[in-house]
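This briefing concerns salt bridges and helix packing in one structure. The sequence and the structure are shown first.

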Amino acid sequence: MSSDKPRPSSTVPMRERVLDAAERLLTQDGAAFSMRELADEAGVSFATPFNQFGSKAGIMQALSARRIASMRERLAQAALPARAVSRVLAAVEIAVAVMLEAPGVNRAVMGALGAPSDAPGDVLARSSGLWAEALADGKGLASATRIRALSVLPDQLAFAFRGVLSFWTAGELDDEMLGRRARSAAAAALLGFIGREDRAEVFVLLEE
């Protein structure tokens with residue numbers, strides 16, 4: 001290892017050391033790094049990244065899980081409104097902010113997640129959990145369909161956000177457009193389940 005590389009701390013768990021190293025390599029060179037380069041960067045044996053994550057795809061899935069965990073942590077710490085629509089839109093802002101903190105790294109991770117894998121991860125389940133927390137008890141959703149909404153909307157919001165991210169990853173949306181498109185996609189998913197009080201706000205978002 002070269003002397004200008006950060007020395008891994010012995011107090012940092014092994015998995016986190018490998019993920020930190022992967023983020024540094026993604027920042028420098030994109031997703032083209034090898035597992036040997038990753039091990040060198042992390043200051044661990046060549047076998048360690050395989051033992052911890054199974055494959056490079058597993059590392060990318062773990063980096064995605066790290067991002068979603070950050071989104072959920074910020075959501076839990078935020079002073080959120082009571083109504084579900086406003087809470088979901090606040091969650092969109094949080095999720096977009098996390099993705100834009102390291103756009104190059106996150107585009108590389110998203111691109112890797114879109115590739116075929118022999119060992120699919122749990123990104124959908126984790127993402128759905130974020131949106132379920134945002135919806136909370138569904139206050140403000142149409143009462144006749146609230147239970148159904150709380151059942152299906154977490155997945156639908158996850159699909160909507162992932163779809164927007166895929167176009168951002170491909171370069172069809174720039175960083176400034178990501179938030180606007182993510183808000184309108186969430187609004188479209190919510191539209192069939194909201195009460196009268198929230199419809200005007202949602203239609204404004206759709207018109208963006």
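Arg 66 has a relative accessibility of 22% and therefore counts as partly exposed, a class lying between buried (under 20% relative accessible area) and exposed (over 50%), with a 1.4 Å probe and protein chains only. The model is predicted, so local features need pLDDT of at least 70 and side-chain atom pairs count only at pLDDT 80 or more, while totals for chains, interfaces and linings use all residues. Residues are numbered from 1 along each chain as its sequence is written, and side-chain values use heavy atoms, with hydrogens and water left out.

**Salt bridges**

- The whole structure contains 12 salt bridges, each defined as a side-chain nitrogen of Lys or Arg within 4 Å of a carboxyl oxygen of Asp or Glu.
- Arg 66 forms a salt bridge with Asp 20, with an N to O distance of 2.8 Å.
- This pair links distant parts of the chain, 46 residues apart: Asp 20 belongs to helix 1 (residues 14–29) and Arg 66 to helix 4 (residues 56–77). Helices are DSSP runs (H or I, at least four residues) numbered from the N terminus.
- Asp 20 is partly exposed, at 30% relative accessibility.
- A salt bridge also joins Arg 74 and Glu 101, again at 2.8 Å from N to O.
- Arg 74 in helix 4 and Glu 101 in helix 5 (residues 84–101) are 27 residues apart. Arg 74 is partly exposed at 30%, whereas Glu 101 is exposed at 53%.
- Between Glu 197 and Arg 83, the closest N and O atoms of the salt bridge are 3.7 Å apart.
- Because Glu 197 lies in helix 10 (residues 196–207) and Arg 83 in the loop between helix 4 and helix 5, the pair ties together parts 114 residues apart in sequence.
- Glu 197 is exposed, at 67%, and Arg 83 is partly exposed, at 23%.
- Shared partners join Glu 16, Asp 20, Glu 23, Arg 66 and Arg 67 into one salt-bridge network.

**Helix packing**

- Helix 4 packs with helix 7 (residues 123–135) at an angle of about 10°, the axes being 10 Å apart. Axes are lines fitted to C-alpha atoms over the stretch in contact, and angles run from 0 to 180 degrees between N-to-C directions.
- The two helices, helix 4 and helix 7, are therefore roughly parallel, the class for angles under 35 degrees.
- Contact (heavy atoms within 4.5 Å) involves residues including Ile 68 and Met 71 of helix 4, and Val 123 and Leu 130 of helix 7.

Methods. Parallel < 35°, antiparallel > 145°, perpendicular 65-115°, else oblique.
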